[in-house]
Amino acid sequence: MRTSISLFSLLATLALTSGALQAREFGVELQGDGGFASHRLPAGTTHVELEQPLAEGCRFKQSWGYDLRTATLWVNGNCAGRFRIYTQDDRSGGSYEGRYGRDPSYAPPQAIVVPAQGGQTIRGQNGLCLDVAGGLKAGNPLIVYQCSGGVNQRFTWTPYGELRAGHLCLDVEGGNQREGTRVVAWECRDQPNQKWSRERGAIRSQYTGLCMDIEGGRARPEQPVVMWRCSGGPNQRWN
């Protein structure tokens, strides 16, 4: 699937106060074309707005959103739009226009596209892969399935301990700490039940201390992935 992104304008400066801070705004056009695409936000970004949808189905936190911690604006699926990015810059760093004008060698931050096939597959017992059943939609459960390399089987670790599939995070469902609780994909919210660590082939929840486990040790397609006490068994080992 093809992803594309383009900058379409860099607008004028608006002074907030007579002090050090100034507000900046500029636009980005971003589209997923059925996949996942992202744009690196500039330093000092305060918020992002969807200025003009270019396709139907753009819903905030579902098919588009932004994360100030990772400085990322993203779209997913068929969402496409023109987005307005608002920033604040310290005067000591100069304005965008000033930096560009004073230093001809300085280039604006480049747009970054995350391919639809970004991330890595995670294989478990009998060579089956972790899979978000039914595609990348909040609430869909984690299962094991034959490896296809689809976007719902490709995962990325973040510096915050998240395990992401596209724009969603793997989540201990409902924050439940009991054994047997399912793992689901959910909106990334920087919550304790969305934090994971890798330990000797196991994937352990930092929230519960339990490990991802193929339910009942039955490594067959469509078998749910649940939380269980860590045993080091083959149904808890992932690579």
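**Reading the labels in a predicted model**

Colleague: Why is Phe60 called partly exposed?

Modeller: The relative accessible area of Phe60 is 41%. A residue is buried under 20%, exposed over 50% and partly exposed in between, using a 1.4 Å probe and protein chains only. The value of 41% lies in between, so Phe60 is partly exposed. This is a predicted model, in which local features need pLDDT of at least 70 and side-chain atom pairs count only at pLDDT 80 or more, while totals for chains, interfaces and linings use all residues. Residues are numbered from 1 along each chain as its sequence is written, and side-chain values use heavy atoms, with hydrogens and water left out.

Colleague: How do you know that Trp64 is buried?

Modeller: Its relative accessible area is 6%, so Trp64 counts as buried.

Colleague: How many aromatic pairs does the rule give?

Modeller: The count is three aromatic pairs. Rings of Phe, Tyr and Trp (its six-membered ring) pair if their centres lie within 6.5 Å; planes under 30 degrees apart are stacked, over 60 edge-to-face, and the rest tilted.

Colleague: Why is the pair of Phe60 and Trp64 called tilted?

Modeller: Their ring centres lie 4.9 Å apart, and the planes stand at 50°, so the pair is tilted.

Colleague: What makes the rings of Trp64 and Phe83 a tilted pair?

Modeller: Here the centres are 5.2 Å apart and the planes are again at 50°, so this pair is tilted. It links distant parts of the chain, since Trp64 is in strand 6 and Phe83 in strand 8, 19 residues apart. Phe83 has a relative accessible area of 0%, so this residue is buried. Phe60, Trp64, Tyr66 and Phe83 form one aromatic cluster.

Colleague: What is the order of the strands in the open sheet of three strands?

Modeller: The order is 4-7-6, with antiparallel pairing. Strands (E, at least two residues) are DSSP runs numbered from the N terminus, as are helices (H or I, at least four), and two strands pair if DSSP finds at least two bridges between them.

Colleague: Why do strand 4 and strand 6 stand at the edges?

Modeller: Strand 4 (35-40) and strand 6 (64-67) each have a single partner strand, so one side of each has no neighbour in the sheet.

Colleague: How do you know that strand 6 is joined to strand 7?

Modeller: Four bridges join strand 6 to strand 7 (residues 72-77), and the definition asks for at least two. The two strands run antiparallel. Trp64 has Val75 of strand 7 as its bridge partner.

Colleague: Why does Thr72 count as buried?

Modeller: Thr72, in strand 7, has 18% relative accessibility, so this residue counts as buried. With contact meaning heavy atoms within 4.5 Å, and leaving out residues up to four places away in sequence, Thr72 touches Ser38, His39, Arg40, Leu41, Gly65, Tyr66 and Asp67.

Colleague: What makes Cys58 and Cys79 a disulfide?

Modeller: Their S to S distance is 2.0 Å, and a disulfide is a pair of cysteine sulfur atoms within 2.5 Å, so the pair qualifies. The torsion about the S-S bond is about 110°, so this disulfide is right-handed. Cys58 lies in the loop between strand 5 (45-53) and strand 6, and Cys79 in the loop between strand 7 and strand 8 (80-90), so the pair ties together parts 21 residues apart in sequence. Cys79 is buried, with a relative accessible area of 1%.

Colleague: How many disulfides does the structure hold?

Modeller: It holds four disulfides. With the bonded cysteines numbered in sequence order, the pairing is 1-2, 3-4, 5-6, 7-8.

Colleague: How do you know that Cys169 and Cys188 form a disulfide?

Modeller: Their sulfur atoms are 2.1 Å apart, and the link is right-handed, with 100° about the S-S bond. Cys169 is buried, with a relative accessible area of 0%, whereas Cys188 counts as partly exposed at 25% relative accessibility.

Colleague: What places the charged end of Arg198 over the ring of Trp157?

Modeller: The charged end lies 4.4 Å from the ring centre. A charge sits over a ring if NZ of Lys or CZ of Arg is within 6 Å of the ring centre and within 35 degrees of the ring normal. The distance of 4.4 Å is within 6 Å, and the charged end of Arg198 is listed as sitting over the ring.
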